[in-house]
Amino acid sequence: MTMIRVNDVLSVGPQPSISEIRSLAGHGFAGMINARPDGEEASQPGNAAEREATGHADVSYTFIPVNMPTITEADVRAFQAAMADAGGPVFAHCKTGTRALTLYALGEALDGRMSSQDIVALGLKLGIDLSAASRWFEAHRQLRPDVKGFFDPRTGSVQYVVSDPDTRKCALIDPVLDFDEKSGATTTRNADAMLSYVAENGLSVEWILDTHPHADHLSAAQYLKQKTGAPTAIGAPVVDVQRLWRGIYNWPELRVDGSQWDRLFSDGDTFKVGSIAARVMFSPGHTLASITYVIGNAAFVHDTIFMPDSGTARADFPGGDARILWKSIQKILELPDETRLFTGHDYQPGGRAPKWESTVGEQKRTNPHLAGVNEEAFAGLRAARDRTLPMPKLILHALQVNIQAGRLPEPEANGMRYLKFPLDALQGAVW
């Protein structure tokens, strides 16, 4: 079995055979990382076969499929987490070992333990060309803003701290309030993780931004406002969503003027995160009130576009429309090809590690819902797909909180808070 020993914890190498994977434990390995996308060669075993083989070998397995031009910090951090979780030495592979070693070296560089020169030197020492990894790191250092994603595995949601490295000011985007529908319990673990990151990095919170009233998680906007004093904001069409759901909830006392937020953004509005210019693009279709925040060279596209291997968002929620969604996506794709796109959810196809960053160019080239597709085909594709999807399990719980900017219902006479949701309100929903 061909492998290169990087250190006591990590070895990298080219594509192993299934029999070699089954022998990993005998070589002293506790885990394996597959950094190779399926379909690169007809002869490669592929993710499913490798997962099965490591299971037989009692070795942990992590799937982090990457191509050199599209590696993101999320991939690097997933590689680090897989190494830490293995509980012993790890073998990582791609086709030749280069991408596997790249993910390791970039983690060392992002954490300040290596420079771009050190990356190249490591490659020379091990006989692997890491010049592309060095260039990636140098380019990454020039990006504005800094973006830190926080993935919530319970809901598949991604939350963001978006910061200006010069002024140390930041925005919090789409924060999650933890909620267990089985017990009714709420916690603030996700939001507190964001606050810890803010404190550890010497940041000050300038904005708390929601891209739309979410249907699959409760918003932590109010909790974070109480903790930071920062203003909350959302798109002005949220008032249309409030009117729609006031009727569904039979909630005549609900204020439907958007006054629950500190600012309602109109299409084209501008603001700043520190010294970085930001603007608002309306992008309805998934919901009536969906908006995109373009901050520097990063766009936060919520539930319009997922990662290229996952397609696009559904358009069958109340107020959704596939053709409107198509037009919104086309406006996003008019941004420069190098614009970073940050999605609001990831559902980990093939069991791969969570990902949330792509580019406009990558989406146009490789997203099967967009590449070579016209509006008619997209509308048909979405209608067929959406007919098979059950409603999010938290939609009726979440909307009554999220159309109030993350405010939980007021306590009743006994001091308890109660959610209310109607029966048979969403006709035709898939069970």
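Accessible areas here come from the Shrake-Rupley method with a 1.4 Å probe. On that basis, the protein chain of this predicted model exposes about 18,300 Å², of which carbon and sulfur atoms supply 52%. Buried residues account for 53% of the 431 residues in the chain.

**Overall fold and dimensions**
- The protein chain contains 13 helices and 20 strands.
- Its radius of gyration is 23 Å, close to the 22 Å given by the globule rule for 431 residues, so the chain is as compact as a globular protein of that length.
- Along the principal axes, the C-alpha trace spans about 70 × 50 × 50 Å.

**Nonpolar cores**
- The largest nonpolar core comprises 34 residues, and those with the most contacts inside it are Leu10, Phe79, Leu101 and Ile119.
- At least two residues of this core are supplied by each of β2 (10-13), α3 (73-86), β5 (90-93), α4 (98-110), α5 (116-126) and α6 (131-142).
- The largest share, seven residues, comes from α4.
- Leaving aside residues up to four places away in sequence, Leu10 touches Ile4, Arg5, Phe79, Met83, Val90, Ala92 and Tyr104.
- Another core, of 24 residues, lies apart from the largest one and includes Phe151, Val158, Val162 and Val280.

Conventions: Residues are numbered from 1 along each chain as its sequence is written. This is a predicted model: local features need pLDDT of at least 70, side-chain atom pairs count only at pLDDT 80 or more; totals for chains, interfaces and linings use all residues. Side-chain values use heavy atoms; hydrogens and water are left out. Helices (H or I, at least four residues) and strands (E, at least two) are DSSP runs, numbered from the N terminus. The radius of gyration is taken over C-alpha atoms; the globule rule is 2.2 Å times the number of residues to the power 0.38. Buried means under 20% relative accessible area, exposed over 50%, partly exposed in between (1.4 Å probe, protein chains only). A nonpolar core is a set of buried Ala, Val, Leu, Ile, Met, Phe, Trp, Tyr and Cys residues joined through side-chain atoms within 4.5 Å. Contact means heavy atoms within 4.5 Å.
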